[in-house]
Amino acid sequence: MPNPKTSPKILPYGRQTIEDDDIQAVVDVLKSERLTQGDRVGLFEAALAEYCGAPYAVACSSGTAALHLAYLAAGLGPKDAILSSPISFLATANAAASVGAIPVFADIDPDSGNIDPNKIEAILTNRLAQDPKIKAIVPVHFAGFPCDMKAIVSIANKHNLMVIEDGCHALGSEAEGRKIGSISDLTVFSFHPVKLITTGEGGAVVTKDKALYERLQQFRTHGVVRDHFAHKADGPWYYEMQALGFNYRMSDIHAALGLSQLKKIKRFVEARRAIARRYDAAFQNHPLFEIPLEKGNTYSAYHLYPIRLKDSLVAQKANLFERLKEKGILVQTHYIPIYLQPYYRNLGYPKGLCPLAEDFYARELSLPIYPSMRMEDVDRVIETLNALVKKG
Ligand SMILES: *Cc1c(COP(=O)(O)O)cnc(C)c1O
């Protein structure tokens, strides 16, 4: 057993912030008549849509389910493709594969880890007639730093493609003064405990489009529709399944937590940003690290604080990771480029496909950042990291 007096306090790279009123909100639902399909999901959806500046939100059981629903609502299927970033969580590509679509990967901007619009344009221009048709661009706002949405939306318009944003890191982020969620056709969020707010497990898709909204709802509940029947209703009990859907519903227990958490998003993001400013001050112009920067007119929710190791440190990354762990600092690497996973390699995706993403993976370390993290803990991370790299 570790001795709590001598072993260091564990600092994970991210964690939830749960307060008494969050707990009470969940208890209230547990004491109520309806644990699912009550009023909390609708209230959470309305609050989320308003926060994002979009008319509609559909809450569901995870960010992965949200991606799956978004791809289904967009009409993606076999013989289609999406164009996305290899620097993301597996689900961005996997959910496309789940509907039979092919994930195509464009390389990143090495400063941000975000998909590079020039690489998107190059892939679209060099596409052959027999290749699966790219129907959507799926930008991922890595760590909370918005992608270049102006360029991406303009490319999408030029090539007549949909834009489906993976905003799982970016609830509260802004690009050109607009909240992520208000910009493109569909935006996906996750409420896993490490994300900006949590519902335990949970996710949502936000959209401006009423037809997409109705399709998202339909696929969330078994492909069943409540009106617009194809056949005449047999009676008042009648319902109709018009497509193959799932049970991806969020329960009212989860939605109550989400509703309570969403009220705190401004404070949570500001707390993350204060921690980021402390890391920035310690590591800017550092001989061994590069820090993440907000580019142009953007505002990051800082889901992560990703530093990149400069050349002389890259070979020591695994060692640094282990030494930090011994000191109770649980850094993480985001991400192994998706196509390097055995599943994708076996499908023929080659190593070297996106060299900048592979180089980013070799350098990236995500330092602890979460709203309840104390400044003395931030300082401990800074001091420990500096001491370890000095020793070499
Ligand atoms: C967390 C995450 C997901 C998946 O969300 P879950 O709620 O864990 O299913 C998808 N994409 C990105 C970028 C994520 O960070």
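Predicted model: local features only at pLDDT ≥ 70, side-chain atom pairs only at ≥ 80, totals over all residues.
How far is an oxygen atom of the ligand from an N or O atom in the side chain of Tyr335? The distance is 3.4 Å, and we will come back to Tyr335 at the end.

Residues are numbered from 1 along each chain as its sequence is written, and side-chain values use heavy atoms, with hydrogens and water left out.

Let's start with the ligand. Its shell holds 15 residues, and the closest are Gly63, Thr64, Asp166, Ser190 and Lys195. Being in that shell means having a heavy atom within 4 Å of the molecule. Asp166 has a side-chain N or O atom 2.8 Å from a nitrogen atom of the ligand. For Ser190, a polar side-chain atom lies 2.7 Å from an oxygen atom of the ligand. On its own the ligand has 380 Å² of accessible area, and the protein covers 93% of that; these areas come from the Shrake-Rupley method with a 1.4 Å probe.

What kinds of residues form the shell around the ligand? They divide into 5 nonpolar, 8 polar and 2 charged. In this scheme Ala, Val, Leu, Ile, Met, Phe, Trp, Tyr, Cys and Pro count as nonpolar, Asp, Glu, Lys and Arg as charged, and the others, Gly among them, as polar. Helix α3, residues 63-73, gives the largest share of the shell, with 3 residues. Helices here are DSSP runs of H or I with at least four residues, strands are runs of E with at least two, and both are numbered from the N terminus.

Now for the empty spaces. Rolling a probe the size of a water molecule over the atoms shows where empty space is left. The search uses a 1 Å grid over the protein atoms alone: in a cavity a 1.4 Å probe fits but cannot get out, a pocket is an open set with protein on both sides within 12 Å along at least five of seven lines, and lining residues have an atom within 4 Å of a point. Grid points are joined across faces, edges and corners, and a volume is the space filled by probe spheres set on them.

Which pocket does the ligand take up? The ligand's space is the second largest pocket, where sitting in a pocket means that more than half of the molecule's atoms lie within 2 Å of its grid points. This pocket has a volume of about 400 Å³. Of its 23 lining residues, Phe89, His192, Val194, Lys195 and Tyr335 lie nearest the centre. Here again α3 gives the largest share, 3 residues, and α4 (91-98) supplies at least two.

The largest pocket has a volume of about 520 Å³. It is lined by 21 residues, with Glu214, Gln217, Gln218, Val224 and Arg226 closest to its centre. Helix α7 gives the most to this lining, 5 residues, while α2 (40-52) and β11 (224-225) each supply at least two. By class, we find 6 nonpolar, 8 polar and 7 charged residues there.

There are also 2 cavities of 30 Å³ or more. The largest cavity holds about 50 Å³ of space, and its lining includes Arg15, Lys195 and Pro371. The second largest cavity holds about 30 Å³; among its lining residues are Ser190 and Lys195, and the lining divides into 6 nonpolar, 2 polar and 1 charged.

Finally, some backbone details. Most residues other than glycine have a negative phi, and most peptide bonds are trans. The peptide bond from His334 to Tyr335, however, is cis, with omega near 0°. Tyr335 sits in the loop between β16 (329-330) and α12 (342-346). Glu176 has a positive phi of about 50° although it is not a glycine, and its place is in the loop between β7 (174-175) and β8 (178-179).

Terms used
Polar contact = N/O pair within 3.5 Å; in protein donor to acceptor, adjacent residues only side chain to side chain.
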